[in-house]
Amino acid sequence: MSPSQAPPDPGAATTRMSVDLTALAANWLSLRELSGSARCGAAVKADGYGIGAIEAASRLAREGCRDFFVADANEGASLRPHLPDVRIHVLNGVFEDSFAQILAHDLVPVINSTEQAAFWTGTADGRAYALHIDTGMNRLGLTPEQAAAYAQSDAPPPALLMSHFACADEPGHPLNARQIEMFEALKACFPSIEASLANSAGIHLGKPAHHDLTRPGISLYGGNPVADANPKMRPVVTAETRVLQIRQARAGQPVSYGAAHFLSRDSRIAVCGIGYADGFLRAGSGAGVPLRSAAPKGAFGAINGKRVPVIGKITMDLTMFDVTDLGEDEIGAGSWIELFGPTISLEEAAQAAGTISYEMLTSLGRRHARRYTG
Ligand SMILES: *Cc1c(COP(=O)(O)O)cnc(C)c1O
């Protein structure tokens with residue numbers, strides 16, 4: 001949160017999210033179970049995928065989680081005062097500029113290149129680091145050749161060897177097996193060093209993916225990246241918006257910017273206080289955005305378990321829903337409409353905007369009043 005912006009007052013907010021920390025803990029316990037004999041860590045980068053890294057990590061630490069992953073040293077520094085005795089890994093590595101902060105907060109950098117390795121081992125006085133090897137996605141990490149050579153060098157060994165799956169959400173993708181095989185081979189070059197490969201989806205690939213430590217992120221927060229995986233994760237976040245006004249409109253009239261949607265019947269419209277500035281992405285509009293010529297429908301809201309479609313373009317701060325099919329007593333100014341949560345899954349809400357659960361959660365803006373339970 002930027003210092004210029006106080007947390008929203010719940011009474012004044014027209015969009016809110018509630019975070020069920022009991023469900024978060026239950027999801028972690030399920031993932032730990034699925035991880036077999038491996039320890040189960042937690043990715044809490046990007047402010048805990050938008051739900052609040054301090055709240056999420058503190059709850060998981062109470063449950064027994066000891067290995068956390070953040071993206072940069074700032075995220076690690078803000079967690080440290082709340083979690084004095086856990087390992088906090090910094091996935092984006094170390095720079096000369098972040099070295100002091102990494103030391104001050106006792107963070108473990110994930111070293112991603114031979115240059116970073118030389119810098120850290122030359123400067124950090126034997127402190128622990130993790131070594132990331134790229135086994136097939138050309139993102140961060142040493143190449144397999146560099147890693148094999150590094151293992152032969154006289155550099156002090158890493159505390160943790162890791163790699164990351166490119167396609168684990170598609171269990172049948174041939175790259176999964178290739179990455180597992182390559183990681184296995186490289187692990188043999190670093191005898192008796194702990195290894196970590198699996199993210200949420202990777203955990204479902206079974207024992208060959210588990211090694212010593214797993215690193216789930218999205219599934220902790222209720223995401224189900226593998227379509228038919230068992231068990232289903234419990235929803236953690238419920239996002240809702242408030243109805244500001246109900247209006248009656250006539251068949252044939254247009255709705256929202258660009259007059260891109262025309263009502264096919266006399267309609268009741270709920271105008272709600274959420275928009276793309278709150279992460280309710282414009283691509284989820286009911287009509288008038290490029291995605292609507294490719295995907296059949298836009299986003300939905302839900303009230304009393306009944307779905308109501310977004311109509312017309314989602315605007316910066318406001319969204320219109322067609323509530324004609326609801327009873328008069330079911331909705332009115334001041335009512336709350338669910339955007340995702342118990343009725344509408346995070347995946348469904350994301351797909352309606354042509355995106356993924358990860359982007360949906362991390363896009364939630366700063367205007368949501370947040371409530372934590374559990
Ligand atoms: C984000 C991330 C994770 C967690 O991934 P999910 O798909 O959210 O489970 C694990 N490892 C690395 C390196 C990551 O960047």
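Start by colouring two selections: the domain assignment of the protein gives domain 1 as residues 35–221 and domain 2 as residues 237–373. Keep in mind throughout that this is a predicted model.

**The interface**

Next, select the residues of each domain that contact the other. Domain 1 contributes 9 residues to the contact, and domain 2 contributes 9 residues. Together the two domains bury about 830 Å² between them, with 61% of that area on carbon and sulfur atoms.

Which three residues of domain 1 supply 52% of the area it buries against domain 2? Select Tyr49, Ile51 and Ile218: their share exceeds that of any other three residues.

To see a salt bridge in the model, show the side chains of aspartate 47 and arginine 366, whose closest N and O atoms are 4.0 Å apart. Polar contacts across the interface of domain 1 and domain 2 come to 3 residue pairs, both residues at pLDDT 80 or more.

Then select helix H2, residues 45–49. Helix H2 provides 3 residues, the largest share of the side of domain 1 that touches domain 2. By residue class, that side of domain 1 divides into 5 nonpolar, 2 polar and 2 charged residues.

**An aromatic pair**

Leave the interface and turn to the rings. The model has 5 aromatic pairs. For one to inspect, select phenylalanine 99 and phenylalanine 119: their ring centres are 5.5 Å apart and their planes stand at 65°, so the pair counts as edge-to-face, the cut-off being over 60 degrees. Phenylalanine 99 is in helix H5 (residues 96–104) and phenylalanine 119 is in helix H6 (residues 114–123), so the pair links distant parts of the chain, 20 residues apart.

Select arginine 367 and aspartate 278, which form a salt bridge with their closest N and O atoms 2.8 Å apart.

Methods
Residues numbered from 1 in each chain as written. Predicted model: local features only at pLDDT ≥ 70, side-chain atom pairs only at ≥ 80, totals over all residues. Heavy atoms only, no water. Domains from an automatic or database assignment. Contact = heavy atoms within 4.5 Å. Buried area = accessible area lost by both parts, 1.4 Å probe. Polar contact = N/O pair within 3.5 Å; in protein donor to acceptor, adjacent residues only side chain to side chain. Helix = DSSP H or I, 4+ residues; strand = E, 2+ residues; numbered from the N terminus. Nonpolar A, V, L, I, M, F, W, Y, C, P; charged D, E, K, R; others polar. Phe/Tyr/Trp six-rings, centres within 6.5 Å; stacked < 30°, edge-to-face > 60°.
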